[in-house]
Amino acid sequence: MPLLRSVAITLGLGLGFGVVAPLQAQPMQCNGTVLQLQVQQQGSAASDRFDFNLGLEAEAPSKTAALDQLNARLAAVRRVVAPLASGKLTIPAPSTYRSGGGSSGPVREQASTSVSGVVSKANYDALIQAAGRLPGVSLRGFTAEAAGGSEAQLQTKLLRAALADGRRQAQTIADALGLRRVQLLRIDQRGGGLIRPMPYAMAARSSFNPDEARPPESTVSLALDYCLA
């Protein structure tokens, strides 16, 4: 179940004046006290897949030998990773560079590329274990992706929670001031949307549970004006 969090609330009070509501055809007048709130809600969305990125490197005395070694290692990665991935793999053209020489030792040629794609939760650990044991492969990061429809559902829940939170705050302040009426004048939704977690690299472990990975998160930020009278 998505986790909802109330992140921040700021407020301001002003004596009665006209406030224009963007969602209304006509301006709404306040004959009492105008309360301005900034409310933000944040929560996590359900995830059913991961974007992954693998680094692949090779090293040899010559550029040709380095590229040959890289090709051999890439073939091994394809054999292991392709059956576990969902959809096609993305593999950019390799880059090469020279290292060493002089006091640093003999000149060595380096060749590198990357392999990225998508893996389901079911194949998450299997891909980590298989790819992580191949020579020249580094697990650069796995990023959780929101399941289909879960982001929209979370946004709806966050919006409702933010509105309810704003209403509670306005009612509390009205009660403290001895006022009876609380009327919403304006709603301004600012920013928000899905926050993808940072990719994270893998340390050596016996197994990895996809449910332990940081889920994608979403935020809703509202500017709310209330009339207290």
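**Cysteines.** I started with sulfur pairs, taking a disulfide as two cysteine sulfur atoms within 2.5 Å. By that rule I count one disulfide. It joins Cys-30 to Cys-227, with 2.1 Å from S to S. The two ends come from distant parts of the chain, 197 residues apart: Cys-30 sits in the loop between β1 (4–15) and β2 (33–44), Cys-227 in strand β9 (residues 217–228). I also looked up the angle about the S-S bond, which is 80°, and the link of Cys-30 and Cys-227 is right-handed.

Are these cysteines buried or exposed? My scale calls a residue buried under 20% relative accessible area, exposed over 50% and partly exposed in between, with a 1.4 Å probe and protein chains only. Cys-30 counts as buried because its relative accessibility is 4%. Cys-227 is buried too, at 1%.

**Ground rules.** This is a predicted model, so I note that local features need pLDDT of at least 70, side-chain atom pairs count only at pLDDT 80 or more, and totals for chains, interfaces and linings use all residues. Residues are numbered from 1 along each chain as its sequence is written, and side-chain values use heavy atoms, with hydrogens and water left out.

**Whole chain.** I get three helices and nine strands, where helices (H or I, at least four residues) and strands (E, at least two) are DSSP runs numbered from the N terminus. The order from the N terminus on is β-β-β-α-β-β-α-β-α-β-β-β. Of the 229 residues, 39% are buried. I took contact to mean heavy atoms within 4.5 Å. Among contacts with a separation of 6 or more, 81% are between residues 24 or more positions apart.

**Sheet.** Next I traced an open sheet of four strands in the order β4-β5-β3-β6, with antiparallel pairing; two strands pair if DSSP finds at least two bridges between them. β4 (95–99) and β6 are the edge strands, each pairing on one side only. β3 and β6 share nine bridges in the antiparallel sense, and Leu-54 has Leu-139 in β6 as its bridge partner.

Which strands does α1 lie across? They are β3, β4, β5 and β6, and α1 runs at about 155° to β3. Helix α2 packs on the sheet as well, touching β3, β5 and β6, and its direction makes about 165° with that of β6. For these angles, axes are lines fitted to C-alpha atoms, for helices over the stretch in contact, and angles run from 0 to 180 degrees between N-to-C directions.

**Under α2.** The buried residues of α2 (residues 124–132) are Tyr-124, Leu-127, Ile-128, Gln-129 and Ala-131. Their cover includes β3 (47–60), α1 (63–81), β5 (108–120) and β6 (137–146).

**Aromatics.** I paired rings of Phe, Tyr and Trp (its six-membered ring) with centres within 6.5 Å, calling planes under 30 degrees apart stacked, over 60 edge-to-face and the rest tilted. That gives three aromatic pairs. One of them is Phe-50 with Tyr-124, tilted, at 4.4 Å centre to centre and 35° between the planes. Phe-50 lies in strand β3 and Tyr-124 in helix α2, so this pair ties together parts 74 residues apart in sequence. Tyr-124 also pairs edge-to-face with Phe-142, at 5.9 Å and 80°. Phe-142 is in strand β6, so that pair ties together parts 18 residues apart. Tyr-124 is buried at 2% relative accessible area, and Phe-142 is buried at 0%. Phe-50, Phe-52, Tyr-124 and Phe-142 form one aromatic cluster.
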